[in-house]
Amino acid sequence: MTVLWLVVSFASTVDHTVAADEPRGTGAARPLSWEELPPLPDALGLGGSFAGVHGGASIVAGGANFPDGAPWAEPPGEKRWYDRMYVLDAPEGAWREGGILPRRLAYGVSISTERGVLLIGGEEDGAPVADVYRVSWNAEAQSLETEPLPPLPRAASYTAGGLIGSTVYVAAAHRSAGADTLDEKSFWSLDLAKLDGDGTDEDATDLGWKHLATWPGAARHKAVVATQSAGGNDRLLYLFSGERPRYRADGTPDLARYEYLTDAYRYDPRRDAWQRIADMPEMVSERALRRGEENSAAVRRPVAAATAIDVGQSHILVFSGSTGGHVTEPPQTQPPFPRTVLAYHTITDTWTTAGEMPEGVVTTTATRWGERIVIPSGETRPGVRTPRVQSARLAAGVNRLGGLNAAVLIGYLAALVAMGFYFSRREKSTADYFLAGGRIPWWAAGLSIYATQLSAITFISIPAIPYASNWLLFPGQFMILLFAPVVIVFYLPFFRRLNVTTAYEYLERRFNLAARLFGSASFIVFQFARMAIVVYLPALALSAVTGMNIYAAIVLMGALSILYTVLGGMEAVVWTDVLQVFVLWGGLLLAIAIVVSDLGGATAAFHEARADGKLQLFAWTWDHTALATWSIVLGHFALQFGPYTTDQAVVQRYLTTKDETAAARGIWLNGVLAIPFNFLFFALGTCLYLFFKSRPELIGVGMQNDSVFPLFMTGRMPAGVSGLVIAGVFAASMSSLDSSMHSVATAITTDFYRRFWPEVSDHRCLKVARWITAIVGMIGTATALLIAGADLKSQYLFFQKLLGLLSSGLVGMFILGVFTRRANAIGALSGAAASTVVFAYVVFATDMHMYVYPIVGIATAVVVGYAVSLVTPSDGNDLSGLSRPTLKADAP
C-alpha cells in the first residue's frame, strides 16, 4: 500500500497533457516574470544614477534629469545633476532619502560588493570626474555611509565595469584636445581585498588602480559590461556594443555622425588578454518595425547604454539599449528605447531574445536583490526619464514529462521494488545481508562497483564538462584503469584473506581500536553528508527541466531505496546496480545517436568541435593554480585511493564474490569499462555543445550547465525512451543512496554494535542492521528535503567539503598500514590529523588547483605518519599478514 501511495502521489505531480505530436523542447527559454517595485521619490525619474544592493537594501544615488522642462522646449530645459541617495530596505516598503553624496554625480559605474556599492567616476555638471566612493547601508543606524576610495587614474564618464572576485575592472574612453571623436582607451583594475587588507601583504604603492591591456576595438562610451563564466570556474569580463560620439570643430556633438557599435569582446584576467566574440545579433530595425515592415532585412542591433547582468552559470541578460535610431528623428518625436531583452550564452557564443521588459530604459544599472533583478529608473527616450522601478525574476519554463514517460518511469521504479521483494527471501543472516553470501558473479560485482562510482550526479555532470569547456579532464579517466592493479595486488589480499566485513576492521588488526573507530566514523559521517546531495542535486536538475515536484521526487527516491534495500540487502543493491548500468548505457548511446544525426554525422561534428577548440586534451603548464595535464593525471590517480581502498561502499563489493580471483576480475572490469564509457560521456557533452550552439533558443536562460543533458533528454529524445533514461537517472540516485545506506548500516553494525557487544546473536544483528538501514535512509532523505526547502545548498556543500578533509588522512592510514612495517597507531593517527590541517590550509588559503589537493593531503599523511612512527614506540602487534612486507605470496 505504501508503494502504491507513493506512485500515485508522484504521478499526480506530473503534467500529462502533452500530446504525442506536441512540439517538444519549447519550454526551456525560461522567460522573465516582471513586476514593479515602489517608484523613486523623484517624480521625473533619473538618468545615469548609480544603483546597487548592500546589507539587504536597494540603493540609488546621484543621477540627472531636466526638472525645468524638456531639452527641446522653448526655452530648453537645463540638465541638473544630483547628490541625493535613496534606499529601499524591503520590496514592499517605500523609498526614502538616505544621505547626500560628497558631490553631484551621474553616468559612472555602479558595482555591488560585500562591503558596499561602488560609485566609480562619472560626471558632475557635465564635467568628467575621477572620484570613487563606496556607499554602505547601516541597518542599525538606518542610514547610508559614504567613504572615498582611490580615484581613477584619469577622469572619465559614461564608463562601464564589472567585478571578478575581489577585483574591480573599469573600461573608459577619452577625447584628446582637438580630436573629433574618442581616441584614447583605458582599462583599469582595483583589488579591493588588498585595499581593505583582506589579501596578502603588499607594498602600499600596489593598492591603487592598475593599467591593463585595452580591448582591440574602437574607443567608446556607454559600453555594456558584465562578468560571467565561460564554462570553467574562472569568471571573465564581457564588453558589448557602445557609442562612438563625433564632435564638430566647436566641440558640440554631431549626432548625425555618431557611431553605434555592434562588436563584442571577452577579457581573461589570468592572461590580461582580450578575445573577439560574436557581434550583437541581427534583428529587424526599430524603424522598419514602426513602419510595419517586419520582413525587412535584419541588421546588427547596437545596445549602447544598456544595462546587463549575469544569470545562472553561462548567460548574460542585456536590457534595452540605444540603437542609434533616434538620431535622425526630431527631438519631440524620438521613439522610446526598445523593450527587448537579449540573452548572450557564454559557452556557445550565441544570442537569443529573452522576451521584453515593461518599459525600455538606458543609463541605469541592473542589480541583483535576492532572487530579483532590479532596474531602477533610467531614460525611456532621449531627455525623458521614468521613476518606475522594474523587477524581474526568471520564470519556471520547463518541458513537461508527459504521460508515457511518467508511466515508463513508474514501471521502472516498481521493478526495482520487486527486486527487493525477490531477494528478501535469501537474507537469512548478516553474511547474506552485508555480503550477499558470496553469491555475486564477478561481472555483476564489477558492474556494481562501476555503478557505485557512477552516481546520478556523475551521469548528469560528466557530459556538462566538455559541453562547457573541453576534453582536458579526459586523460584523468585512464587512472581508474591504471589504479586497478594497485587495488588487486596491494589491497585486495588483506580484505579477502582477513575475512573482514568492513575495511576498517583491518585498521584495528594493523594498528589499534582507535584507528578502526576513526576510520569507520570518518566514513559514516561523510556518507551522511553525501547522501542528501546525491539525492537533492539530481532531483533539482530533473525538476528544472521536467516540471517534477522536487519534494515528491526526493521522497520517492528515498522511500523506494529504503524499501528494497531493507528487504533485499546487498543482493538487491548489486542487482539493481546492474540494471541501472544497462539502462544508463542504453540512454547514453541513444542520446549520442540522436544528436549526431541532428548534426549531420560524426565527421561534421568532429570538424566543427575541433574548429571551436572543444577537443583540447592537454595543457602543458607547470602552473599549480591552473588546470594542467600533470595535475589532472596525478590528481586523478591520487583520487582513486579514496573510493577504491578506504570506502566501505566499494570495498564491500570486493567481498561479495566467491573468492579473491573473482573479486579481482570485477575490479578489472570496472577499470576497463571506465575508458570507453567515459569517452562516450565526453563525446556526448561535445555533441550537446554543437547541438545547442545551433539551437541556442532551447537553452534555458539561467539554466545550470549540469542540466544540459536532462534538457536534451526531455526535449529531443522520443517519448518513452526519455522516460526510461530519466528513470535511469532516478535509479542512479537511488543506487548512490542505497549504497550509502547499506554500507553505513554495515559499518555501524560491525564496527560499533557487534564490536562492543560481541555476544549478540547474528539474528539480532540482522534486525539491527535493517533498522539502521531504514533510519539512515530516512535521515538522508529528510536532509535532502531540508536543503530543498531552506535553500541551504551552498552552506551544505561547504559543510561537505569540510568533512572531505578527513579523506586524505584515512587514505594515508591505509597506505602506512599496507606498505610499511614501522608505522604505528600514534603515527598513523598523527599523519591523519596533520593531513586534515594541511588539506584545509591548501583548500582555503592558497590558489592551488583542486587536483593538487589530494596529492598534498595524502603525501602529508604518509610523511608525517611515518616520521612520527620513527620517534614513537612500536605498537608491539604481530604484523604477520597485515602489511605487504609480511604478506605471504600464496592465496589461502
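Q: Buried means under 20% relative accessible area, exposed over 50% and partly exposed in between (1.4 Å probe, protein chains only); what is the relative accessible area of Cys687?
A: This is a predicted model, where local features need pLDDT of at least 70, side-chain atom pairs count only at pLDDT 80 or more, and totals for chains, interfaces and linings use all residues. Residues are numbered from 1 along each chain as its sequence is written, and side-chain values use heavy atoms, leaving out hydrogens and water. Cys687 is buried because its relative accessible area is 8%.

Q: At what angle do helix 11 and helix 15 pack?
A: Helices are DSSP runs (H or I, at least four residues), numbered from the N terminus. Helix 11 covers residues 550-598 and helix 15 covers residues 660-694. Their axes are 9 Å apart, and the angle (from 0 to 180 degrees between N-to-C directions of lines fitted to C-alpha atoms over the stretch in contact) is about 35°.

Q: How many nonpolar residues does the contact of helix 11 with helix 15 have?
A: Contact means heavy atoms within 4.5 Å. Helix 11 brings residues including Trp585, Ile592 and Asp598, while helix 15 brings Phe677, Cys687 and Phe691, among others. Ala, Val, Leu, Ile, Met, Phe, Trp, Tyr, Cys and Pro count as nonpolar, Asp, Glu, Lys and Arg as charged, and the others, Gly among them, as polar. By class there are no polar residues, one charged, and the nonpolar number is 15.

Definitions and conventions
Helix = DSSP H or I, 4+ residues; strand = E, 2+ residues; numbered from the N terminus.
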